[in-house]
Amino acid sequence: MSRTASGELLWELMHPDDRAWTPDAPEEYHGLHLGWQRAACVPIEWHRRTLPAVKIRVCAHTCECMVIVYELGAYGGKYLIRRTTRRAEGDRVVETDHLGAKDIGELWSRLLCGLAR
Ligand SMILES: [Zn+2]
């Protein structure tokens, strides 16, 4: 899959409001909020981040107004989801395995609609 094609796939999964994909569309609205966790929700396997953290290119993230922020990041040709829980004693950061664009896109959309956490 080409870089652009996977970018479009991820964009469509992350922006279900029918806006056309462009490489530099502005993210000027309130960020993504997760849907309520559903009965069929399955647990995501989170791994404690090993330091130093790898620098990811953030493709999408949930709204900064929440205590827990999820980021979908690209790293070394793969993708991962990073979950940061803000706490008074310091952020707690965990990540998924590194996955291909299709798998991470599915996991991200399941996370957003409450089918995986
Ligand atoms: Zn918000």
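Okay, one term before anything else: two residues are in contact if their C-beta atoms, placed from the backbone, lie within 7 Å. With that in hand, take I81: skipping its neighbours within four places in sequence, I81 is in contact with Y70, L72, E95, T96, I104, L107, W108 and L111. We'll come back to I81.

Some housekeeping. This is a predicted model, where local features need pLDDT of at least 70, side-chain atom pairs count only at pLDDT 80 or more, and totals for chains, interfaces and linings use all residues. Residues are numbered from 1 along each chain as its sequence is written.

So, what is the chain made of? It has two helices and five strands, and from the N terminus on the elements run α-β-β-β-β-β-α. Helices here (H or I, at least four residues) and strands (E, at least two) are DSSP runs, numbered from the N terminus. Residues 24 or more positions apart account for 52% of the chain's contacts with a separation of 6 or more.

Now the sheet. What we have is an open sheet of five strands in the order β1-β5-β4-β3-β2, with antiparallel pairing. β1 (47-48) and β2 (57-61) are the edge strands, each pairing on one side only.

Two bridges join β1 to β5, residues 92-95, and R48 has V94 in β5 as its bridge partner. Next, β5 pairs with β4 over four bridges, again in the antiparallel sense. There, V94 in β5 is what R83 stands opposite. β4 and β5 form a hairpin with six residues between them, and G90 in that turn has a positive phi of about 125°.

Moving on, β3 and β4 are joined by eight bridges and run antiparallel. Look for G73 opposite L80 in β4, and for Y75, whose bridge partner in β4 is K78. This hairpin has two residues between its strands, with G76 in the turn at a positive phi of about 55°. Last stop: four bridges join β2 to β3, R57 stands opposite A74 in β3, and the hairpin those two strands form has six residues between them.

While we're on β4, a word about T84, which sits in that strand. Is T84 buried or partly exposed? The cut-offs first: a residue is buried if 20 or more other C-beta atoms lie within 10 Å of its own, exposed if 12 or fewer, and partly exposed in between, with C-beta atoms placed from the backbone. T84 has 18 other C-beta atoms within 10 Å, so it's partly exposed. Leaving out neighbours within four places in sequence, T84 is in contact with V69, D91 and V93. T84 and E71 are 13 residues apart in sequence, and their C-alpha atoms are 8.3 Å apart in space. Across the whole chain of 117 residues, 18% count as buried.

On to the helix, α2. It has 12 residues and spans 16 Å from its first C-alpha to its last, close to the 16 Å expected at 1.5 Å a residue; the expected span is 1.5 Å times one less than the number of residues. Buried in α2 are A101, I104, G105, L107, W108, L111 and L112. Looking down the axis of α2, those buried residues fall within an arc of 165°, so they line one face of the helix. That arc is taken from the directions from the helix axis to the C-beta atoms. After α2 comes G114, with a positive phi near 85°.

Finally, the core. By that I mean a set of buried Ala, Val, Leu, Ile, Met, Phe, Trp, Tyr and Cys residues joined through C-beta atoms within 7 Å. The largest nonpolar core has 13 residues, and L72, Y79, I81, I104, L107, W108 and L111 touch the most other members. As a general point, nonpolar side chains tend to be buried together in soluble globular proteins.

Methods:
Pairing = 2+ DSSP bridges.
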